[in-house]
Amino acid sequence: MSLENYSQVLQAAQEYGATLVAVSKTYEWSDIQPIYDSGQRILGENKVQEILRKKESLPEDIEWHLIGHLQSNKAKKIVGQVSLIQSVDSLKLLNVLQNQSDKKKVVTRCLLQIHIAQEESKSGMDTATLQEILSNYDQGLYPHIKLEGLMGMGTLTSDQNLTRKEYQELRRIYESCQKHIPDFTTLSMGMSSDYKIALDQGSTMIRVGSLIFGNRNYT
Ligand SMILES: *Cc1c(COP(=O)(O)O)cnc(C)c1O
């Protein structure tokens with residue numbers, strides 16, 4: 001892990017008034033503690049089991065964000081456990097989250113994940129689904145959900161122009177949503193390789209992992 005890289009990323013985020021989510025997936029406390037001690041409280045994880053396990057032993061004031069694809073059958077486990085679900089990628093999942101939040105008598109903060117990458121394998125909804133959700137939301141169909149903005153993952157590419165265009169497009173969609181929903185205040189885009197481009201294109205939240213923690217070992 002690199003405190004120096006952490007400081008640089010944090011400073012860039014702060015210059016743009018953006019929030020830094022430190023993506024700690026696959027990393028344990030020994031790597032997380034240095035940035036926690038520096039004041040970092042928002043951590044991003046992509047797996048339900050991993051968040052629940054880490055939550056048990058790590059400080060209570062950490063705000064956990066789920067940033068990975070959530071299967072509907074795991075929604076029950078995560079509702080009430082995280083501060084923000086960034087990866088709501090379908091109408092079906094949102095309905096399940098509404099039902100589970102209703103049962104637990106909580107309001108679940110969510111971002112809608114929009115498909116902007118060229119890879120079909122990346123999750124995210126299309127804009128037609130987004131429109132349908134916003135219209136449902138307007139009609140009060142999700143009383144236990146608070147929609148706070150959008151999240152997107154760009155194409156994995158070294159073509160910076162493509163990345164810029166994709167983030168620009170997401171920003172455009174975000175601004176059009178804001179006209180209807182004043183609560184939309186978060187645009188989550190930008191990772192280790194492209195957070196500077198994302199900030200330039202109007203990101204309000206960057207999700208940075210490997211640049212801070214080093215390359216991950218998936219086992
Ligand atoms: C892993 C991950 C990140 C962070 O990626 P890095 O390249 O390690 O910065 C950001 N967003 C999502 C959704 C991720 O799964």
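A polar contact is a pair of N or O atoms within 3.5 Å; within protein, one must be able to donate a hydrogen and the other to accept it, and residues adjacent in sequence count only if both atoms are side-chain atoms. The model is predicted, so local features need pLDDT of at least 70 and side-chain atom pairs count only at pLDDT 80 or more, while totals for chains, interfaces and linings use all residues. Residues are numbered from 1 along each chain as its sequence is written, and side-chain values use heavy atoms, with hydrogens and water left out.

**Ligand surroundings**

- The residues around the ligand are V23, K25, I67, M153, M191, S192, R207, V208, G209, S210 and R216. Here a residue counts as near if one of its heavy atoms lies within 4 Å of the molecule or strand in question.
- R207 places a polar side-chain atom 2.9 Å from a nitrogen atom of the ligand.
- R216 has a side-chain N or O atom 2.8 Å from an oxygen atom of the ligand.

**Nonpolar cores**

- A nonpolar core is a set of buried Ala, Val, Leu, Ile, Met, Phe, Trp, Tyr and Cys residues joined through side-chain atoms within 4.5 Å. Buried means under 20% relative accessible area, exposed over 50%, and partly exposed in between (1.4 Å probe, protein chains only).
- The largest core holds 59 residues. L70, I85, L97, L112, L130, L147 and L150 touch the most other members.
- Helix α7 (residues 160–178) gives this core its largest share, five residues. Helices (H or I, at least four residues) and strands (E, at least two) are DSSP runs, numbered from the N terminus.
- A second, separate core has six residues, among them V21, I42, L84 and M151.
- I85 is in contact (heavy atoms within 4.5 Å) with L66, L70, I78, L97, T108, R109, C110 and L111, leaving aside neighbours within four places in sequence.

**Cysteines**

- The whole structure has zero disulfides, a disulfide being a pair of cysteine sulfur atoms within 2.5 Å.
- The sulfur of C110 is 14 Å from the closest cysteine sulfur, in C177, so the two are too far apart for a bond.
- C110 is buried because its relative accessibility is 0%. C177 is buried too, at 1%.

- Helix α5 (residues 91–104) has 14 residues. Its first and last C-alpha atoms are 20 Å apart, close to the 20 Å expected at 1.5 Å a residue. The expected span is 1.5 Å times one less than the number of residues.
- L93, L94, V96, L97, Q98, Q100 and S101 are the buried residues of α5.
- The cover over them includes α4 (75–78), β4 (84–88), β5 (108–115), α6 (127–138) and β6 (145–153).
- Q100 sits in α5 and is buried, with a relative accessible area of 13%. Beyond four places in sequence, Q100 touches A75, K76 and V79.
- Just after α5, K105 takes a positive phi of about 55°.

**W64 in strand β3**

- W64 is found in strand β3 (residues 63–66). At 3% relative accessibility, W64 counts as buried.
- Not counting residues up to four places away in sequence, W64 touches S24, L43, E45, I51, K54, K55, L58, V82, S83 and L84.
- W64 and Q81 are 17 residues apart in sequence and 8.0 Å apart in space, C-alpha to C-alpha.
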